[in-house]
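Biologist: I'd like to learn how to read a model like this one. Could you walk me through it?

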Amino acid sequence: MCRCETEGRPALPLAPHETLPRAPAAARGLSGENMAAPRARGCSLAGLLPAQTSLEYALLDAVTQEEKDSLVYQYLQKVDGWEQDLSVPEFPEGLEWLNTEEPLSVYKDLCGKVVILDFFTYCCINCIHLLPDLHTLEHTYSDEDGLLIVGVHSAKFPNEKVLDNIKSAVLRYNITHPVVNDADASLWQELEVSCWPTLVILGPRGNMLFSLIGEGHKDKLFLYTSIALKYYKDRGQIRDNKIEIKLYKDSLPASPLLFPGKVTVDQVSNRLVIADTGHHRILVVWKNGQIQYSIGGPNPGRKDGIFSESTFNSPQGVAIRNNIIYVADTENHLIRKIDLEAERVSTVAGIGIQGTDKEGGAPGEEQPISSPWDVVFGMSGSEVRGDDILWIAMAGTHQIWALLLDCGRLPKKNELKKGTCLRFAGSGNEENRNNAYPHKAGFAQPSGLSLAPEDPWSCLFVADSESSTVRTVSLKDGAVKHLVGGERDPMNLFAFGDVDGVGVNARLQHPLGVTWDKKRNLLYVADSYNHKIKAVDPKTKNCTTLAGTGDASNVITSSFTESTFNEPGGLCVGENGQLLYVADTNNHQIKVMDLETKTISVLPVFRPDNAVVDGPFLVEKQKTLPKLPKSAPNIRLSPVAASPGQTLQFKLRLDLPSGTKLTEGVPSCWFLTAEGNEWLLQGQIPSGEIESISSQPAISLQIPGDCLSLEAVISISVFLYYCSADSSACMMKGILFSQPLQITSTHQECTAPVELKYVF
């Protein structure tokens with residue numbers, strides 16, 4: 001989102017790049033020291049402009065903290081002495097609220113409080129940058145101290161107006177203060193807010209005191225808030241009553257994944273790497289979903305070292321090669337390195353605080369960076385050896401950066417040392433600007449990268465989220481070109497929609513991920529806010545929907561176009577182009593799309609007893625239940641009579657297709673479930689592995705002595721992972737066997753094992 005103010009300068013009237021439609025600016029034109037009373041209740045932020053501008057110029061000349069405190073105190077005396085308050089309008093009735101027991105009223109519930117209204121939209125990187133400042137402020141002053149923060153969500157994209165999507169964002173960013181969904185931007189309009197983010201500080205009567213536009217104002221925010229609390233406490237106008245907060249996150253069940261942002265495949269070892277963003281950790285899993293390593297989590301942090309001690313903060317992009325994983329540790333503003341052999345985590349770029357440098361060039365560990373969102377191995381197309389560069393989507397500064405993993409040269413650059421971290425493309429201005437000169441091009445929150453090193457492509461593909469476009473960056477000369485989405489005006493960041501088409505006639509909505517399919521010469525796009533996966537032919541620039549209906553839900557069918565997603569954030573191609581793995585972020589899942597059979601399944605993520613899981617696993621109390629695709633065959637068996645205490649046996653009899661074998665290193669598995677009759681499984685072994693087709697396991701089930709029902713159905717879910725004889729293609733199949741049970745008091749003789757047969 002746009003940065004509307006230069007750090008260190010007073011707030012002045014601005015023409016931001018991105019604004020919602022606004023009401024007439026009737027209050028503009030005030031100037032100088034004019035401290036006359038502003039208009040009555042319902043007026044705009046423009047009424048604060050003359051007085052606050054004078055204050056901020058005076059603060060520039062202040063040397064000591066005492067001088068600054070005194071200036072703000074005097075300012076409040078003047079503003080508080082106006083004949084009429086510059087009052088904020090009441091929250092309209094009927095708005096949807098989060099993190100509260102009930103809707104709040106400015107002039108009832110918030111009376112007697114200093115209130116900070118945070119006008120934000122959840123896609124905005126600048127709004128995300130502001131959240132740590134608000135978190136720190138909340139930990140410094142509570143509602144009993146007289147402070148309350150209220151998030152006013154004013155959407156840019158249509159998808160952001162939906163309450164369920166805002167709920168997901170509140171969880172992702174750990175927002176614990178009240179949030180109101182101002183879907184129609186009524187408060188935005190009345191106050192004439194100009195851009196995201198904007199903070200409005202209110203006094204205890206709902207009277208507007210200050211506004212802060214853009215990010216980077218932590219010192220002013222704390223100064224204004226602390227002095228406002230002191231000023232009104234001195235006058236006995238602060239109430240210490242507690243506001244009833246009901247956190248949305250407290251109502252959710254545990255989940256093995258929480259808002260997974262990105263996923264990548266290790267083409268060598270049959271493993272996936274998942275950025276389990278909401279759990280602040282990195283998972284390394286086998287392709288059956290079995291966890292090999294869990295690194296970090298469940299709480300955010302910033303610590304290097306052995307796996308059991310290391311922590312991350314909302315990691316996003318991941319790239320793996322030769323047992324080394326690089327991680328875009330987004331909210332720590334770092335690039336981290338995970339060495340799976342040494343089992344250690346280290347920092348290779350960033351200093352742990354948000355940087356503003358838009359050039360770079362320092363050694364990685366000394367180079368400040370800002371909100372890296374994705375990483376990919378690659379090369380420049382020049383003299384740099386293959387995969388000796390880590391390309392970085394630097395969302396915070398709207399640029400593409402490079403971290404040199406070895407000495408080399410980038411286009412139009414001199415020889416660079418190993419470890420150098422620098423800007424490759426993008427001016428740093430938030431724009432949709434294409435240019436043959438990479439430093440003159442403009443991006444808008446680039447969030448996904450994929451490499452197509454082969455000719456004729458020889459480029460990086462970039463999911464440029466805020467311009468709703470996919471762009472290319474040449475590896476030969478750095479030229480930035482348009483592929484699909486957006487429009488030709490580089491300043492228009494509102495050209496979004498959901499339209500299949502060619503070039504600028506196609507419409508996307510905040511795409512977050514891209515991945516290259518070199519087998520088909522197609523680019524797959526996670527069109528996040530349209531809840532779709534799209535395919536782009538870079539030769540013709542034709543963009544078509546591959547999967548998803550456009551509804552934000554979690555329907556899995558045998559058809560790509562009937563299945564649904566919820567803000568998918570990342571994706572990768574595996575198994576030589578057969579499978580497409582999708583981080584279905586708001587569904588907390590990794591979905592597996594078979595590009596040949598056109599079927600979709602969910603990757604079960606589970607922790608076996610022998611997994612090396614150093615970070616806490618949040619679903620320890622309950623074994624993760626894998627989810628079969630709806631296309632999986634459901635074989636209903638003949639009913640079996642059983643008596644309490646009797647042991648039933650189920651014998652697997654599965655035949656693989658001719659010329660195939662079980663995938664080595666990826667255990668096939670079975671699971672027992674009894675929906676509605678979970679008492680059947682108490683004390684049982686609920687899952688196991690299938691190590692060999694020639695010697696398949698028998699599954700035992702002992703009927704409990706105390707039966708709570710005379711009829712039940714036991715389900716045996718089977719996941720088989722197999723490859724062609726030469727391992728050139730690997731597949732997964734799911735099968736569900738349903739066994740009805742009739743519980744009888746009559747003792748049953750020993751029965752033959754029930755055979756679970758299936759021939760592919």
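Biologist: Is Arg607 buried, partly exposed or exposed?

Modeller: Start with the terms: buried means under 20% relative accessible area, exposed over 50%, and partly exposed in between, using a 1.4 Å probe and protein chains only. Arg607 has a relative accessible area of 26%, so it counts as partly exposed. A caution on the source: this is a predicted model, where local features need pLDDT of at least 70 and side-chain atom pairs count only at pLDDT 80 or more, while totals for chains, interfaces and linings use all residues. Residues are numbered from 1 along each chain as its sequence is written, and side-chain values use heavy atoms, with hydrogens and water left out.

Biologist: Where is Arg607 found?

Modeller: Helices (H or I, at least four residues) and strands (E, at least two) are DSSP runs, numbered from the N terminus. Arg607 sits in the loop between β35 (599-602) and β36 (612-613). Gln292 is 315 residues from Arg607 in sequence, yet their C-alphas are 8.0 Å apart in space.

Biologist: Why is helix α4 largely enclosed by the rest of the structure?

Modeller: Because nine of the ten residues of α4 (residues 163-172) are buried. Among them are Leu163, Ile166 and Val170.

Biologist: What do the buried residues of α4 pack against?

Modeller: Contact means heavy atoms within 4.5 Å. Those buried residues of α4 pack against β1 (96-98), β3 (147-153) and β4 (179-181). Just after α4, Asn174 takes a positive phi of about 50 degrees.
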